[in-house]
Amino acid sequence: MNKQKLLSLVFAFLLAATGGLIFHLLHIPVAWLLGSIASIMIFSLITKKELYWPPFLRNLGIVIIGYAMGLSLTKEALIFISHQLPSMFIMTVLIILFSAMTALLISKFTGINYPSVLIGSIPGGLSQMMILAEETKGVNVTVVTFLQVIRLIMIIFLVPVLIFGPIFGESQSYVTEAAAPTWNGLYPNIILFIMAAIFLSIIFKKMRAPTPFLLGPIIGTAILGLIGFNGPELPIGLLDLSQILIGVNIGLMMHPENLDHKVRLIGLATLFSTLLIFGSLLLSYLLSTFFHFSAATSFLSLSPGGMDQMAIIAHEVGADLSVITGYQLFRLFFIFFAVPPLLKWVFKTTSKVSRSSE
């Protein structure tokens, strides 16, 4: 790393930390994540400069969150999750169908071709959807990118507002710093868990699994816990640091200046993201009614955002992280393995029907 990159990296971290501190002092929920994103986005939009942020720092933040999620997957939690598999399948399919129907309406309303809107609307990983968009003929990759990124940003900012608002906030037990574990409690047990997280992250990356740096620590931590090793709880400061590491990366993802028809695309993406979030909110009410989960646990389990961001919010609001991890993991794998071949088949079939009708 040369001196210029190092200075850019340090500046990006200090800028993000400052944004997080301001949000923290203003008592904004998930302050270190949202403050980091906001400060980096504002700087990039005003200065038009690209800050340097290496992938390993983002991955480090994701590994920290993955470890915290893995701690929640005890033997009892895994048995409970196994009983939830039919519900996970139904809810995942309903979310995808809702996305498909909403994408169809937006496509007709805006005139943008349906495959582009649909791939941009599926609540899956950004990189996975981008690969699918590039491999699908006739898909506008720019539209897909912007729809996916705006969805992510909308969820990161809107979900905390809903969770910490009057709908959920009154019934939740918030985590306080007074009850937080200390840094001294990490050593020496954390060493074994770090080794397992790194090893499995590398294995999953070579296997091209979705979000390997999240899956590695989740599964590694859960396995070690099942065989009798006790993983130490993470101090609040370390979780705050993970929010900054992830927040800088998300803030740098937005490049609206490179898009044509910005107003139209922003309006389209905002409309769809809002519909998707409130669709998930309605489904979460059913989940809460049938299984008596807390409102926040149900909503975060079905919320169409990244697992790492949902875990950060869950930790702050005191929701059941094991349930959220189970539902989010199931949707991740379902979208990763089932959705791409299904979409390719649908687009291929639709294309043949269109050609035959001509």
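**Helix packing, aromatic pairs and backbone features**

I64 lies in helix α3 (residues 55–71), in a model that is predicted. At a relative accessibility of 9%, I64 counts as buried, and, when its neighbours within four places in sequence are left aside, I64 is in contact with L234, L238, L239 and S242. The C-alpha atoms of I64 and I194 are separated by 9.4 Å, although these two residues are 130 residues apart along the chain.

The crossing of α13 and α15 is right-handed. On the α13 side the contact is formed by T297, L300, S301 and L302, which meet V323, I324, Y327, Q328 and R331 of α15. By class, the residues of this contact between α13 and α15 comprise 5 nonpolar, 3 polar and 1 charged.

The axes of helix α14 (residues 307–317) and α15, in turn, come within 10 Å and cross at roughly 170°. This angle is over 145 degrees, and α14 and α15 are therefore roughly antiparallel to each other; their crossing is right-handed. Here M307, M310, A311 and A314 in α14 meet L321, I324, T325, Q328, L329 and L332 in α15, and the residues of the contact divide into 8 nonpolar, 2 polar and no charged. I324 and Q328 of α15 accordingly take part in the contact with α13 and also in the contact with α14.

Aromatic side chains were considered next. A pair of aromatic rings is described by the distance of the centres and the angle of the planes, and the count for this model comes to 6 aromatic pairs. One of these is formed by F11 and F43, whose rings are 5.2 Å apart centre to centre with 55° between the planes, an arrangement classed as tilted. Because F11 lies in helix α1 (residues 3–25) and F43 in helix α2 (residues 31–47), the pair ties together parts that are 32 residues apart in sequence. F11 is partly exposed, with a relative accessible area of 38%, whereas F43, at 18% relative accessibility, counts as buried. The rings of F89 and F334 have their centres 5.9 Å apart and their planes at 80°, so this pair is edge-to-face. The pair links distant parts of the chain, with F89 in helix α5 (residues 85–110) and F334 in helix α15, 245 residues apart. F89 has a relative accessibility of 44% and therefore counts as partly exposed.

The peptide bond from Y187 to P188 is cis, with omega near 5°, and P188 is found in the loop between α8 (141–163) and α9 (189–206). Positive phi values in residues other than glycine occur at K48, where phi is near 60°, and at H292, where phi is about 60°. K48 is found in the loop between α2 and α3 and, at 61% relative accessibility, counts as exposed. H292 lies in the loop between α12 (262–291) and α13, and its relative accessibility of 70% likewise places H292 among exposed residues.

Note on methods
Residues numbered from 1 in each chain as written. Heavy atoms only, no water. Left-handed = near helix turned anticlockwise from the far one by under 90°. Helix = DSSP H or I, 4+ residues; strand = E, 2+ residues; numbered from the N terminus. Contact = heavy atoms within 4.5 Å. Nonpolar A, V, L, I, M, F, W, Y, C, P; charged D, E, K, R; others polar. Phe/Tyr/Trp six-rings, centres within 6.5 Å; stacked < 30°, edge-to-face > 60°. Buried < 20%, exposed > 50% of the residue type's maximum accessible area, 1.4 Å probe, protein only. Axes fitted to C-alpha atoms, helices over the stretch in contact; angles between N-to-C directions. Parallel < 35°, antiparallel > 145°, perpendicular 65-115°, else oblique.
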